[in-house]
Amino acid sequence: MTNRPRPTIAIVDNSIDPTIYRPVEHWSRHLDAPWQAFVARDGHLPDPAGFTHYILTGSESSIVERPPWAVAEAALVREAVAGGAAVLGSCWGHQLLAYALAGEAHVRRAAQPEIGWIAISLDRTSALLGPAGTAPYTFSIHYDEVCDLPPDFEVLASTVVCRVEAFRYAGRPVWGLQCHPEIDIPTGLRNLGDLVDRGFKGREALLAALAQTPRDSGLIRRIVPAFLSAGQP
């Protein structure tokens with residue numbers, strides 16, 4: 001019996017202002033394997049063949065108004081996926097995956113922002129999220145969304161507001177999650193408060209989210225082990 005090699009993880013940090021949003025901090029505390037962070041806005045991207053697993057974080061940027069570094073990151077994603085790497089995109093990273101693998105027609109402005117602690121409906125059973133028919137709670141904040149995916153994308157979860165909350169691509173170890181399972185309740189409350197204080201867009205929706213009773217089903221504890229075991233011999 002051979003020992004399974006440990007995954008090597010690249011966290012692609014898509015944040016714009018680290019005084020508001022620190023995704024590397026949020027993701028890395030859940031990882032028990034070697035990881036390295038790359039700040040995409042500075043043009044720092046990992047070697048697409050250098051890691052077994054890639055985590056694409058959220059961003060204050062818009063996938064609809066893509067900065068040049070996002071186009072470069074999309075090229076990285078296509079190469080990493082073609083090389084057999086496992087890839088997990090969260091929020092903006094989920095949208096970037098759809099843009100990179102399906103095209104710009106499959107991302108758009110959301111008709112309604114989805115902010116706060118939401119229940120996502122699991123439409124299909126998956127190792128990553130759990131059994132179909134359940135509705136775990138997790139944190140969300142997004143103004144854009146993924147839409148009208150081609151048949152090689154399997155939609156795993158949805159809400160009334162957002163039809164594509166999660167997907168898997170072409171049966172490969174490649175997943176997109178519109179939510180932020182890595183953000184716990186204290187971090188989510190702090191993040192929402194910071195956005196209100198800084199006059200971020202959607203003030204009323206942000207205040208409404210702060211008035212919610214936070215609920216987190218702990219999806220991150222299922223997601224990370226399932227993702228890290230994917231794509232490994």
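1. The sulfur of C147 lies 9.7 Å from the closest cysteine sulfur, that of C162, which is too far for a bond; a disulfide requires a pair of cysteine sulfur atoms within 2.5 Å. C162 is likewise in no disulfide, with the sulfur of C91 nearest at 9.5 Å. Searching the whole structure turns up zero disulfides.

2. A word on the basis: this is a predicted model, in which local features need pLDDT of at least 70 and side-chain atom pairs count only at pLDDT 80 or more, while totals for chains, interfaces and linings use all residues. Residues are numbered from 1 along each chain as its sequence is written, and side-chain values use heavy atoms, leaving out hydrogens and water.

3. Are C147 and C162 buried or exposed? C147 is buried at 4% relative accessible area, and C162 is buried at 0% (buried is under 20%, exposed over 50%, partly exposed in between, with a 1.4 Å probe and protein chains only).

4. Do look at D148, in the loop between β7 (137-146) and β8 (153-158). D148 is exposed, at 58% relative accessibility. Leaving aside residues up to four places away in sequence, D148 touches H106 and R108, where contact means heavy atoms within 4.5 Å. The C-alpha atoms of D148 and H106 are 5.9 Å apart, although 42 residues separate the two along the chain.

Terms used:
Helices (H or I, at least four residues) and strands (E, at least two) are DSSP runs, numbered from the N terminus.
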